[in-house]
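Reader: I would like to learn how to read side-chain features in a model. Please start with a ring and its accessibility.

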Amino acid sequence: MEIPDDAEIIMVIVSKANLRELATTKSAIIEEIPYGNSLIKLGGSGDWIKVQTIDSGTVGFVFSELVQ
């Protein structure tokens, strides 16, 4: 996967972060992302950040306090 030059990269700062389909804890977990993994920030929705994983290219939402 090619990362755009202007992409904002954020990192998981907890032992694991759940990547969810929607911006709510009631939403299904798509993937568990381990500590230190980088994500491409695509946007935000309240306390949630829309991201794309660099490894698989999966798009979903993570809670903002789990990344920086």
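Author: Phe63 has a relative accessibility of 26%, so Phe63 counts as partly exposed. Buried means under 20% relative accessible area, exposed over 50%, and partly exposed lies in between (1.4 Å probe, protein chains only). This is a predicted model: local features need pLDDT of at least 70, side-chain atom pairs count only at pLDDT 80 or more, and totals for chains, interfaces and linings use all residues. Residues are numbered from 1 along each chain as its sequence is written, and side-chain values use heavy atoms, with hydrogens and water left out.

Reader: How many aromatic pairs does the rule count?

Author: Rings of Phe, Tyr and Trp (its six-membered ring) pair if their centres lie within 6.5 Å; planes under 30 degrees apart are stacked, over 60 edge-to-face, and the rest tilted. The count here is one aromatic pair. The ring centres of Trp48 and Phe63 are 5.4 Å apart and the planes are at 75 degrees, so this pair is edge-to-face. Trp48 lies in strand β5 and Phe63 in strand β6 (residues 59-63), 15 residues apart; strands are DSSP runs (E, at least two residues), numbered from the N terminus.

Reader: Is Trp48 buried or partly exposed?

Author: Trp48 is buried, at 11% relative accessibility.

Reader: Which residues does Val51 contact beyond its neighbours within four places in sequence?

Author: Contact means heavy atoms within 4.5 Å. With those neighbours left aside, the partners of Val51 include Ile10, Leu19, Leu39, Thr58 and Val62.

Technical notes: Helices (H or I, at least four residues) and strands (E, at least two) are DSSP runs, numbered from the N terminus.
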